[in-house]
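Thanks, everyone, for making time this morning.

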Amino acid sequence: MTKSILISSFILFCAVLTEASVLANISFLYAMPDLVLICTVYFALLNGRGVGQTTGFISGLLLDFITGIPFGFNCLLRTIIGYIYGFFTETLILKGIIIPMATIGSATIIKSILISLLKLLFPNVNLYHPGLISNQFLFELIANILLAPVMFKFLSFFNRSLEVSTTQDRVDNV
């Protein structure tokens, strides 16, 4: 499990750096696609609630350090999302186009709802969030949905290193 978390953390670190340094500086993007959200949901779907909430916390921690949002905001947000999608580990198939698109679309909507709720816990923070009905949210939603199959396919190349072995796998190997 430690190896899986370390590799997931490295991938999340790369996604955070890509978002913060590359995508943030592209002027024609109306809103940034959330690569970190896609990776966190993928890790949660691959390994379950425990890894989902751990990678969600790590991704939130990295985002909090880099973006300057008050410490703990992204940690809490991403941990909840990782935990929620960890419930669907054995029910959703990660291959294909439709399931990744629908999963990331729902994750983006849940993220927006959770941000609205978390703003109640952080009342003194001037956090810009356009809400569910805005052009910026719709652009992010569409960008996330279109990137989901590509990111899921890319991350599937690391499945062997990312998957946490189950007890049955260890028994079979003995």
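Let me begin with Ile81, which, once its neighbours within four places in sequence are set aside, is in contact (heavy atoms within 4.5 Å) with Leu37, Val41, Ile110, Lys111 and Leu114. Before I go further, a word on the source: this is a predicted model, in which local features need pLDDT of at least 70 and side-chain atom pairs count only at pLDDT 80 or more, while totals for chains, interfaces and linings use all residues. Residues are numbered from 1 along each chain as its sequence is written, and side-chain values use heavy atoms, with hydrogens and water left out.

Turning to the chain as a whole, the secondary structure comes to eight helices and zero strands, where helices (H or I, at least four residues) and strands (E, at least two) are DSSP runs numbered from the N terminus. Of the 174 residues in the protein chain, 42% are buried, and buried here means under 20% relative accessible area, with exposed being over 50% and partly exposed in between, for a 1.4 Å probe and protein chains only. Among contacts between residues at least 6 apart in sequence, 72% join residues at least 24 apart.

Now to the packing of α4 against α5, which meet at an angle of about 140° with their axes 10 Å apart; the axes are lines fitted to C-alpha atoms, for helices over the stretch in contact, and angles run from 0 to 180 degrees between N-to-C directions. The two helices are therefore oblique to each other, given that angles under 35 degrees count as roughly parallel, over 145 as roughly antiparallel, 65 to 115 as roughly perpendicular and the rest as oblique.

On the α4 side, the residues that meet α5 include Leu77, Ile80, Ile81 and Tyr85, and their counterparts in α5 include Thr103, Ile110 and Leu114. By class, this contact divides into 12 nonpolar, two polar and two charged residues, with Ala, Val, Leu, Ile, Met, Phe, Trp, Tyr, Cys and Pro counted as nonpolar, Asp, Glu, Lys and Arg as charged, and the others, Gly among them, as polar.

Leu114 counts as buried at 14% relative accessibility, and, leaving aside neighbours within four places in sequence, Leu114 is in contact with Leu77, Ile80 and Ile81. Thr103, at 5% relative accessibility, counts as buried, and Thr103 touches Val41, Leu45, Tyr85 and Leu92, not counting residues up to four places away in sequence.

Finally, α1 and α2 pack at an angle of about 160° with their axes 8 Å apart, which makes α1 roughly antiparallel to α2. Among the residues making this contact are Ile11, Leu12 and Val16 of α1 and Cys39 and Phe43 of α2.
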